[in-house]
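Let's walk through this structure together, one region at a time. Have your viewer ready and follow along.

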Amino acid sequence: MPFWDLQKQLGIDVDTWLLRQSMPQPNRRASVCHAFEREWIECGHGLGQTRARRECQPEYEDFMECMQRTKLAKRLQTILDQRDKMIKEGKYTPPDYHKGKDDSRP
């Protein structure tokens, strides 16, 4: 915690200019990853850059996953690879509407 908290004394909030998710959002709602970014910033506040990188790594990874969705994309690719493998082996046949064919309507 800083000795003088100038932001509170002067009545300004510099964090909203520096943080990606804290800038004004449409309809004045917080963005999706705002909570993750806030946790990461609060974790590293007052620690220093070297300690914050080591101690706040889980919060940073959660924030990056929320922003980039890399783990989600990897998981989806694994599911699609497994589906293709099962189709080749003949253990699974996708429904017609997954093959691009129209539904037969009565």
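**A pocket and its surroundings**

The second largest pocket holds about 210 Å³ of space. A pocket here is found on a 1 Å grid over the protein atoms alone, as an open set of points where a 1.4 Å probe fits, with protein on both sides within 12 Å along at least five of seven lines; lining residues have an atom within 4 Å of a point. Grid points are joined across faces, edges and corners, and the volume is the space filled by probe spheres set on the points. This is a predicted model, in which local features need pLDDT of at least 70 and side-chain atom pairs count only at pLDDT 80 or more, while totals for chains, interfaces and linings use all residues. Residues are numbered from 1 along each chain as its sequence is written, and side-chain values use heavy atoms, leaving out hydrogens and water.

Which residues line the second largest pocket? They are Trp 40, Ile 41, Gly 44, Gly 48, Gln 49, Ala 52, Arg 53, Cys 56, Gln 57 and Tyr 60. At least two lining residues come from each of α3 (34–44), α4 (49–55) and α5 (57–68); helices are DSSP runs of H or I with at least four residues, strands are runs of E with at least two, and both are numbered from the N terminus. By type, the lining has five nonpolar, four polar and one charged residue (Ala, Val, Leu, Ile, Met, Phe, Trp, Tyr, Cys and Pro count as nonpolar, Asp, Glu, Lys and Arg as charged, and the others, Gly among them, as polar).

Trp 40 is partly exposed, with a relative accessible area of 28% (buried is under 20%, exposed over 50%, partly exposed in between, using a 1.4 Å probe and protein chains only). Leaving aside residues up to four places away in sequence, Trp 40 touches Cys 56, Glu 59, Tyr 60 and Phe 63, where contact means heavy atoms within 4.5 Å.

Moving on, Arg 69 lies in the loop between α5 and α6. Its phi is near 55°, a positive value in a residue other than glycine. Most residues other than glycine have a negative phi. Just after α6, Gly 90 also takes a positive phi, of about 85°.

Finally, the whole protein chain has six helices and zero strands. Of its 106 residues, 11% are buried.
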